[in-house]
Amino acid sequence: MPISSAGSAVATPVESSRSAIAWGPIFGGAVAAIGISLILILFGSGLGLTMISPWSGESSSAATVGISAAIWLVVVQWLSAALGGYLTGRLRTKWAAVHTDEVFFRDTAHGFVSWAVATVFVAGFLASSLGSLAGAGAQAVGSAAATAGVAGSAAAAASSDTSSAGNSSSGGIDMATSYFTDALLRPQQAQARAQNDDGAATAEVSRILLNGAVKGGVPEDDKAYLATIVAARTGLSPQEARARVDAVLKRIDDAKVAAQQAADEARKAAATTALVGSLSLLVGAFISCAAAALGGRQRDEEEDLLVSTRY
């Protein structure tokens with residue numbers, strides 16, 4: 001509303017009809033940021049390939065390569081954000097009759113929007129690489145599950161073989177039920193059965209191992225039964241057969257623990273990558289805003305003035 005003073009002078013707020021956002025400088029800065037990002041990424045890929053060699057002992061460790069790649073991506077993101085923001089600030093036209101604080105805000109806003117546009121395009125370009133990185137953690141978790149179910153795979157294969165040989169009546173029985181059925185029907189002369197029926201003995205051993213993997217351990221009576229079957233099949237003494245059973249079960253437990261440790265390390269690495277990546281993006285946004293404000297200030301300070309003489 002017009003503001004009057006003493007009924008004679010009228011002060012009217014100045015309001016421009018032009019939009020406060022200039023898309024031309026924004027897209028120009030974003031394209032420049034995308035271009036420098038792609039160039040630096042390709043350059044970093046070339047440097048990374050020099051760190052890897054098919055010859056043993058000549059390649060850098062996986063940790064070194066991963067850390068170097070992460071640092072390089074952060075540097076690329078910051079440099080491209082600085083260049084894109086600076087160009088956005090320098091390329092915009094001067095806002096006439098606008099307060100200095102408002103000019104600063106608009107410059108930083110333009111830098112932020114330019115950074116956001118460039119980030120969306122670069123993220124799309126790197127989608128496959130980021131998907132592979134995120135899938136590494138899932139693959140490690142899957143390997144843990146596969147290790148835990150290795151006995152189940154063997155049991156399923158053995159059950160399938162037994163069914164194809166003629167035991168089709170037990171083909172649809174659940175594995176857990178099959179294990180308890182075996183426990184009920186274990187013969188007193190286990191050695192004779194193990195020697196005479198290899199398929200049945202193999203399937204039963206597989207189901208025992210599966211149950212141990214699911215329950216987290218093999219009971220003592222199952223260990224003794226396994227030792228009996230091993231002794232009958234291999235000709236070892238009962239003590240040697242029990243030692244072999246214990247050794248194999250320990251190897252299964254060690255493999256499962258190793259897979260779980262690998263999954264945990266992959267989880268920590270993925271979490272660290274996500275946190276560092278988000279922090280890097282925030283810093284990149286700040287750099288772009290600051291660079292745009294700097295570029296805008298330099299553009300206003302270096303403006304050419306038209307001097308005219310009045311008569």
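In which helix does Lys-223 lie? Lys-223 belongs to helix α9 (residues 220-234), where helices are DSSP runs of H or I of at least four residues, numbered from the N terminus. The model is predicted, so local features need pLDDT of at least 70 and side-chain atom pairs count only at pLDDT 80 or more, whereas totals for chains, interfaces and linings use all residues. Residues are numbered from 1 along each chain as its sequence is written, and side-chain values use heavy atoms, with hydrogens and water left out.

The mean pLDDT (the predictor's confidence in each residue, from 0 to 100) of the protein is 75, and 64% of its residues reach 70 or more. Confidence is lowest in helix α5 (residues 150-165), with a mean of 44, and highest in α3, at 90. Over residues 150-173 the pLDDT is below 50, and this stretch has 20 contacts (heavy atoms within 4.5 Å) beyond near neighbours in sequence.

Residues up to four places away in sequence aside, Lys-223 touches Val-218, Arg-242, Val-245, Asp-246 and Leu-249.

Helix α3 (residues 100-125) packs against helix α10 (residues 238-301) at an angle of about 135°, with the axes 7 Å apart. Axes are lines fitted to C-alpha atoms over the stretch in contact, and angles run from 0 to 180 degrees between N-to-C directions. Residues making the contact include Phe-104 and Trp-115 of α3 and Leu-281 and Arg-297 of α10.

Conventions
Helices (H or I, at least four residues) and strands (E, at least two) are DSSP runs, numbered from the N terminus.
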